[in-house]
Amino acid sequence: MKKLLFLTLASLLVLPIAARAQGTLKIGTVDMNRTFREYNKTKDAEAKINDAKNQAKKEYDERADAYKKALDDINNLNKQLEAPALSADAKTQKAKERDDKIANIKNMEREITEFRQTRERQLQEQALRMREGIVKEITDVVIEKVKAGNLDLVFDKSGNSLNGVPVLLYSRDSVDFTNDVIAVLNKPGRASSVTASPGASASPAPKKP
C-alpha cells in the first residue's frame, strides 16, 4: 500500500489541440502524486487493506500454531518409541499414531501453503483494483476541470522521465489546479467506487518436520 502512496503517474493527459491553429494554447498542470496521496479515499483504502492483512495474519498464525502443536506431538511420540521399556504392542500402536500424525501434518503443510498463496494473490489483486479505481476517479475530476476551463493540454507536474528528471521543468503556479481537484475529490458525501476486501499476509510457511 505504501508503494501506492508514492505512486508516480508519469503519463500526460492530452486533449485535442483545437486552439493551436489560432496560435493560442491553454495549459494546466496537476500534481497527480500529491493528489493521490491527499485523496481521503486513498487513506481509507490503505486502512482497509491493513485490516485485511492483519486478519489474514491472524488466520495464518492460528494455522501455524496448530502445525507447531502437531509437530510437537510427533516429536513426543518419537521419544516414547525410543523408550526401552516400551512393549512391542505399545510400540506398534504408537508408531501407527505417529504415522497418522505425520500424514495429517503433511496435509496441514499443503493447506497452509495454499492459504498463504491465495491470500497474497487476493490482496495484490485488491490493491491493484483499488489503485486503478482511485486513479480513474482522479482522472475523471481532472477531465471535468479540463472541459470546464476549456484547456488544451494538462501535464502531470509530479511525473519523471525515464532519465529520472521531471518531465515538466517549469510551470507557473497560476496554471496549476491541483488544489481544486483535491477539493472536489474530498467533498463530503461524494460517491466513490474504491473498495477493499480481505487480503493476505506474506508470512513464511512453517518448516517441515
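This is a predicted model: local features need pLDDT of at least 70, side-chain atom pairs count only at pLDDT 80 or more; totals for chains, interfaces and linings use all residues.
**Ground rules.** I number residues from 1 along each chain as its sequence is written, and I use heavy atoms for side-chain values, leaving out hydrogens and water.

**Entry 1, the chain.** I looked up the secondary structure and found five helices and three strands, where helices (H or I, at least four residues) and strands (E, at least two) are DSSP runs numbered from the N terminus. Read from the N terminus on, the elements run α-β-β-α-α-α-β-α. I then noted that 33% of the 209 residues are buried; buried means under 20% relative accessible area, exposed means over 50%, and partly exposed lies in between, with a 1.4 Å probe and protein chains only. Of the contacts in the chain with a separation of 6 or more, 89% are between residues 24 or more positions apart, a contact being heavy atoms within 4.5 Å.

I asked myself at what angle the axes of helix α4 and helix α5 cross. The axes of α4 (residues 88–149) and α5 (residues 178–185) come within 10 Å and cross at roughly 120°; each axis is a line fitted to C-alpha atoms over the stretch in contact, and angles run from 0 to 180 degrees between N-to-C directions. The two helices are therefore oblique to each other, given that angles under 35 degrees count as roughly parallel, over 145 as roughly antiparallel, 65 to 115 as roughly perpendicular and the rest as oblique. On the α4 side I listed Glu 137, Ile 138, Val 141, Val 142 and Lys 145, and on the α5 side Asp 180, Val 181, Val 184 and Leu 185. Sorted by class, this contact has six nonpolar, no polar and three charged residues; Ala, Val, Leu, Ile, Met, Phe, Trp, Tyr, Cys and Pro count as nonpolar, Asp, Glu, Lys and Arg as charged, and the others, Gly among them, as polar.

How many salt bridges does a search of the whole structure find? I recorded eleven, a salt bridge being a side-chain nitrogen of Lys or Arg within 4 Å of a carboxyl oxygen of Asp or Glu. One of them joins Asp 61 to Lys 57, with the closest N and O atoms 2.9 Å apart; the two residues are four apart in helix α3 (residues 40–81), so about one helical turn separates them. Asp 61 is partly exposed at 27% relative accessibility, and Lys 57 is partly exposed at 40%. Asp 72 and Lys 68 also form a salt bridge, at 3.4 Å from N to O, and both lie in α3, four residues apart, about one turn of the helix. I noted Asp 72 as partly exposed, at 33%.

Is Leu 81 buried or exposed? This residue of helix α3 is buried, with a relative accessible area of 13%. Leaving aside neighbours within four places in sequence, I found Leu 81 in contact with Leu 86, Lys 91, Lys 94, Ala 95 and Arg 98. From C-alpha to C-alpha, Leu 81 and Ala 95 are 7.2 Å apart in space, although 14 residues apart in sequence.
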